[in-house]
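Please look through the structure below.

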Number of protein chains: 2
Amino acid sequence: MPARGDHEARRRDVSEAVWRVLAAQGFGGLTLRAVATEMGASTGLLTHYFPSKQALVRHALEVAHAHTANRVRRKASGKGLPALREALLDVVPLTPEATAANRVWVSFWDAALGDEELGAAEIKRYERWRGMLRPHVDDAIKLGQLPSDVDPDDIVVTAAAFTHGLVVQALFDPARFPPARQTTLVDNFISSLSHH
Amino acid sequence: MPARGDHEARRRDVSEAVWRVLAAQGFGGLTLRAVATEMGASTGLLTHYFPSKQALVRHALEVAHAHTANRVRRKASGKGLPALREALLDVVPLTPEATAANRVWVSFWDAALGDEELGAAEIKRYERWRGMLRPHVDDAIKLGQLPSDVDPDDIVVTAAAFTHGLVVQALFDPARFPPARQTTLVDNFISSLSHH
């Protein structure tokens, strides 16, 4: 029997191979065979970790969450709208890492729309993200950066919508949406909010 | 040999089955077997129409385009921003038909991110859509509904981004985003543009 350390190292190898498959081919290309090929291992070895496609997808979702949770974030330069700006710039594909993460999450939408459990996970993921943006909007209202009569939840939904829609356009057409253009678009969006 | 009319009727049956599979399972669930099951036909019959998965996906893309092109659109109540508002409301999932169409196109993103030809098709689709929104933005500037110093292309990209991002949130969480809420969000977004 392999030592416990070996076992954990192998699990880490598997998780990293799952991430590389996700980043290259999305959830749509995630199969035991693709992960096995990525590791130079047999499909048989992989079935030891993932007895079903569902088990593989669940693990991939954990891996994607961990990548998202652990990524380096920008430092907010101020409270309210400046912090909201940084939070949106944290999401859009300004770097190769952010591009890979977005490619994975956009691919997850197809998987999640066809599966009740994954769909519920995606609803929660949106709630969590909107919940992270909300304090910046509340601060912006308190600080007078936003009119006091706006519905903060509407602003949060709109900011999330704008950001994910920009993600998709930029993923497909990086030549048209280099980082500077994305940043300008986010800046203009933030500035339009103050007149909402 | 079947009469020509039979042949065309059968092709239409195939196209309709492809659409039903797309609407229910997205591009990720599109297989010869799924289409055959949907038609109550054999996979063998389907290979007559689609010698490869690629041929099936290409046909599905045509079917999805035709559905989008043929859908009933809202009548614009005015030029410029009112027309832009109607164009965005045409896209978001306010009806079961629009929900099905959006579910199909969101699922297409995964397929298109993993395939150069499909990715190029999606870039063109975005260009076409932004090209349809652009005259409304130009009108809005001419009519003084938007400041004359805005970059019309940035407004178009932002409107497309907001709309697709709202589509995704509404698809996953229809209880939180009933038609009235989506309409309010679009109205507020349009009104924020005039202060861009």
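In this predicted model, R181(A) is buried, because its relative accessible area of 17% falls under 20%. Its side chain reaches a partner in another chain: D154(B) and R181(A) form a salt bridge, with N and O 2.9 Å apart. D154(B) belongs to helix α8 of chain B and R181(A) to helix α9 of chain A, so this pair joins two chains. D154(B) is also buried, at 8% relative accessibility.

R181(A) has a salt bridge with D153(B) as well, at 3.2 Å from N to O. This pair too joins two chains, because R181(A) sits in helix α9 (residues 179-193) of chain A and D153(B) in helix α8 (residues 152-172) of chain B. D153(B) is partly exposed, with a relative accessible area of 26%.

Another salt bridge lies within chain B, where the closest N and O atoms of R74(B) and E86(B) are 2.7 Å apart. R74(B) is in the loop between α4 (53-70) and α5 (81-91), and E86(B) is in helix α5, so the pair ties together parts 12 residues apart in sequence. R74(B) is partly exposed at 38%, whereas E86(B) is buried at 7%. In chain A, a network of salt bridges links R74(A), R85(A), E86(A) and D187(A). Over all chains, the structure has 26 salt bridges.

As for confidence, chain A has an average pLDDT of 93, and 97% of its residues score at least 70. Within chain A, helix α1 (residues 4-25) has the lowest mean, 89, and helix α8 (residues 152-172) the highest, 98.

Definitions and conventions. Residues numbered from 1 in each chain as written. Chains lettered and ligands numbered in written order. Predicted model: local features only at pLDDT ≥ 70, side-chain atom pairs only at ≥ 80, totals over all residues. Heavy atoms only, no water. pLDDT = per-residue confidence, 0-100. Helix = DSSP H or I, 4+ residues; strand = E, 2+ residues; numbered from the N terminus. Salt bridge = Lys/Arg side-chain N within 4 Å of Asp/Glu carboxyl O. Buried < 20%, exposed > 50% of the residue type's maximum accessible area, 1.4 Å probe, protein only.
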